[in-house]
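Hi everyone, thanks for coming. Let's have a look at this one together, starting from the inside and working out to where two parts meet.

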Amino acid sequence: VPGAQDLVDFSPVYRCLHIYSVLGARETFENYYRKQRRKQARLVLQPPSNMHETLDGYRKYFNQIVGFFVVEDHILHTTQGLVNRAYIDELWEMALSKTIAALRTHSSYCSDPSLVLDLKNLIVLFADTLQGYGFPVNQLFDMLLEIQDQYSETLLKKWTGVFRNILDSDNYSPIPVTNEEIYKKIVGQFPFQDAELEKQPFPKKFPFSEFVPKVYNQIKEFIYACLKFSEDLHLSSTEVDDMIRKSTNLLLTRTLSNCLQNVIKRKNVGLTELVQIIINTTHLEKSCKFLEEFITNITNVLPETVHTTKLYGTTTFKDARHAAEEEIYTNLNQKIDQFLQLADYDWMAMEPGSRASDYLVDLIGFLRSTFAVFTHLPGDVDVHSTMSGKVAQTACMSACKHLSTSLMQLLLEAEVRQLTLGALQQFNLDVEECER
């Protein structure tokens, strides 16, 4: 690489210095030179207003500053005292504070993680170059840790969109597999082992829907993206591990959690989808130990180490599951209310009907088909029986409780002032039908 003397013609400076020295006015020239260079330093340190828009803006800015100090360093070593170390150090102090202030301001406008990453690489080159000339650059590396928080924020924003697309485009039904190749591909993308399912002949189904392997892989992509920033920052492996785990916890507890809650709370979300979300989040929660291992393999910091941050983001999947369960109970009760609105008792009837009321027969038919959804769940026996079984039992309890309270309410309504025995017998037929 050509040095400063190959790129810049220093002879006018040497000539002036010689003339002033001969005239006995060397000090005048030294003062003049230093004053002029201070002014030029201020110009060089002025960032262009749109610097944050492209990488070239930053590159040009850094090149100007490096150029200035490389020239001063050359003058320091080739002239006897035209500039001295104290003068250069003072200029560098000023340059450092102005550069850091400019970078703080401009980098905060940046919303594209890849531009932030490129900027970080430029700053590292800038710092390493100047350190090679003996300038202290610790403050620049400290500032990079601030930019890292911002990089993490831009990543989280980007992944919000990624997760949203995955969840919106999912069909919320188990993944069908027709041959060994597809089976191996899915198991390669997502850590799933089930001896029972392996034995089954094709075609068969995984218990979870497409969003499980997709979300899992995107969490891994996010971890890689975090790791990219920590390269060349002279950080210890514990610091890198800490940074990755903290960011991943945020990704799970904030970004993914919000996306899942939005899907669960959507107006048109059906029961089968909610049940599928419960199954999916169970499998994702189980896979978290593999994510822990994945981070450990990257950073070589064992989770048992005293200082490691725990991956507590796994609670996200529990929370989503509870929200989906609550939504199932709420949905069922709302449906029961819709059927009850059709109840039309004649409280003055002399004779009861021969069978249970139509609205109730329809309601029981609906509940029967609803609970069939729970019993036809795919996948491994333990998840199927414990999880959907528990949800189904609680849903059934909640539905019976809601129905019995609502029926009681029908009898006790203020408008019902008189009751005949015939009306009560009809009502009793309905209650017996529910019980049956």
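The largest nonpolar core has 133 residues, and F62, F69, I123, F206, F211, I219 and I328 touch the most other members. Such a core is a set of buried Ala, Val, Leu, Ile, Met, Phe, Trp, Tyr and Cys residues joined through side-chain atoms within 4.5 Å, where buried means under 20% relative accessible area with a 1.4 Å probe, protein chains only. Take I123: leaving out residues up to four places away in sequence, I123 touches F62, L103, L140, M143, L144 and I147, with contact meaning heavy atoms within 4.5 Å.

A word on the source: this is a predicted model, with local features needing pLDDT of at least 70 and side-chain atom pairs pLDDT 80 or more, while totals for chains, interfaces and linings use all residues. Numbering runs from 1 along each chain, and side-chain values use heavy atoms, without hydrogens or water.

Now the domains, from an automatic or database assignment: domain 1 (4–135), domain 2 (152–320) and domain 3 (342–435).

How much area is buried between domain 1 and domain 2? About 690 Å², with carbon and sulfur atoms giving 71%; that is accessible area (1.4 Å probe) lost on putting the two together, summed over both. On the domain 1 side, P113, L117 and K120 supply 63% of the area buried against domain 2.

Key:
Buried < 20%, exposed > 50% of the residue type's maximum accessible area, 1.4 Å probe, protein only.
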